[in-house]
Amino acid sequence: MHELSIAENIIEIVKETLASSGGGKLRSVKVRLGELAGVVPDSLDFCFTAITKGTPMEEAKLEIERTAIIAHCTGCGKDSTVEGLIFKCPLCESVNVGVISGNELQVVEIEIDGLERN
Ligand SMILES: [Zn+2]
């Protein structure tokens with residue numbers, strides 16, 4: 001299960017942050033997830049809950065921020081949000097587009113005992 005290893009990775013990052021900040025209790029962790037990352041948010045949330053159950057992180061909340069797919073068009077030189085998996089510029093219909101955003105999978109914020117950390 002893909003999402004399980006991702007959830008484990010997120011927890012590793014959280015543990016490192018907790019260790020370097022001298023402990024504390026995890027309140028929430030926010031991840032940025034691009035639509036192209038191939039991760040099902042509900043599944044990731046489920047795995048996170050399953051792994052943290054019975055640990056000090058049990059009550060922590062996983063927040064998932066979805067990011068849209070943004071493509072750069074070499075035809076008209078503009079960046080646009082691409083809907084679905086049709087890689088075509090919505091402005092000039094050119095297919096000469098390159099994805100510049102949408103693959104993100106990163107921890108963007110870890111909140112410990114009310115302290116925000118980036
Ligand atoms: Zn275009």
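These notebook entries record what I looked up in the structure, which is a predicted model.

**Entry 1: the main core**

I began with the largest nonpolar core and found that it has 16 residues. Ala-7, Ile-10, Leu-26, Val-29 and Phe-48 are the residues with the most contacts inside this core. I then looked up which elements give two or more residues to it: they are helix 1 (2–20), strand 1 (26–34), helix 2 (41–52) and strand 6 (105–112). Strand 1 gives the most, with 4 residues.

I next looked up the contacts of Val-29, leaving aside its neighbours within four places in sequence. Val-29 is in contact with Ile-10 and Val-14, with Ala-60 and Leu-62, and with Val-107 and Ile-110. I also noted a second, separate core of 5 residues, which includes Cys-73, Val-82, Cys-89 and Val-97.

**Entry 2: helix 1**

I turned to helix 1, which has 19 residues. From its first C-alpha to its last it reaches 28 Å, close to the 27 Å expected at 1.5 Å a residue. Which residues of helix 1 are buried? I found Ala-7, Ile-10 and Ile-11. Seen down the axis of helix 1, these buried residues fall within an arc of 100°, so they line one face of the helix. I recorded that they pack against strand 1, helix 2 and strand 6.

On the other side of helix 1, I found Ser-5, Glu-12, Glu-16, Ala-19 and Ser-20 exposed. Helix 1 is followed by Gly-22, which has a positive phi, near 80°.

I then examined an open sheet formed by 3 strands, in the order 4-3-5, with antiparallel pairing. Strand 4 and strand 5 (97–101) each have a single partner strand and stand at the edges, so one side of each is left without a neighbour in the sheet. The twist from one strand to the next averages 40°.

**Entry 3: the hairpin**

Ile-69 has Val-82 of strand 4 as its bridge partner, and Ile-70 stands opposite Thr-81 in strand 4.

Strand 3 and strand 4 form a hairpin, with 5 residues between them. In the turn I found Gly-77, whose phi is positive at about 75°.

Conventions:
Residues are numbered from 1 along each chain as its sequence is written. This is a predicted model: local features need pLDDT of at least 70, side-chain atom pairs count only at pLDDT 80 or more; totals for chains, interfaces and linings use all residues. A nonpolar core is a set of buried Ala, Val, Leu, Ile, Met, Phe, Trp, Tyr and Cys residues joined through C-beta atoms within 7 Å. A residue is buried if 20 or more other C-beta atoms lie within 10 Å of its own, exposed if 12 or fewer, and partly exposed in between; C-beta atoms are placed from the backbone. Two residues are in contact if their C-beta atoms, placed from the backbone, lie within 7 Å. Two strands pair if DSSP finds at least two bridges between them. The expected span of a helix is 1.5 Å times one less than its number of residues. The arc is that of the directions from the helix axis to the C-beta atoms. Axes are lines fitted to C-alpha atoms, for helices over the stretch in contact, and angles run from 0 to 180 degrees between N-to-C directions.
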